[in-house]
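Okay, I think everyone's here, so let's get going.

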Amino acid sequence: MTDVSIIYCRPCGYEKRAKEVAMALQRQLGIVADLVPGKGGVFEVSVGGKTVARRLKGHFPDAAEIVTAVRAQGAR
């Protein structure tokens, strides 16, 4: 299985969102994602070291968008 990680800004309060995404990945794809606390406003999802979704100014990817991006990378 490919490594999936979610790096999130703990001081910004993104931990709940990261856990929700991790649950969606587990439920829909059977993937256990690594949750990695960070700072500086980061929210980034990577598959095998390649970033597939991230928070950008004006856009915060939701769980469905992230599941689709991870699925597109062939992660199972």
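One term before the numbers: I'm calling it a contact when heavy atoms come within 4.5 Å. On that basis, of the contacts in the protein chain with a separation of 6 or more, 65% are between residues 24 or more positions apart.

Housekeeping: this is a predicted model, where local features need pLDDT of at least 70, side-chain atom pairs count only at pLDDT 80 or more, and totals for chains, interfaces and linings use all residues. Numbering runs from 1 along each chain as its sequence is written, and side-chain values use heavy atoms, with hydrogens and water left out.

So, the fold. We have two helices and four strands, in the order β-α-β-β-β-α along the sequence. Those are DSSP runs, numbered from the N terminus: helices are H or I with at least four residues, strands are E with at least two.

In terms of extent, the C-alpha atoms fill a box of roughly 30 × 20 × 20 Å along the principal axes. Of the 76 residues, 36% are buried, meaning under 20% relative accessible area with a 1.4 Å probe, protein chains only.

Now zoom in on Ile 6, which sits in strand 1, residues 4–9. Is Ile 6 buried or exposed? Buried, because its relative accessible area is 0%. Beyond its neighbours within four places in sequence, Ile 6 has contacts including Ala 18, Val 21, Leu 25, Leu 35, Phe 43 and Val 45. Take Val 21: it's 15 residues from Ile 6 along the chain, with 8.4 Å between their C-alpha atoms.

Key: Buried < 20%, exposed > 50% of the residue type's maximum accessible area, 1.4 Å probe, protein only.
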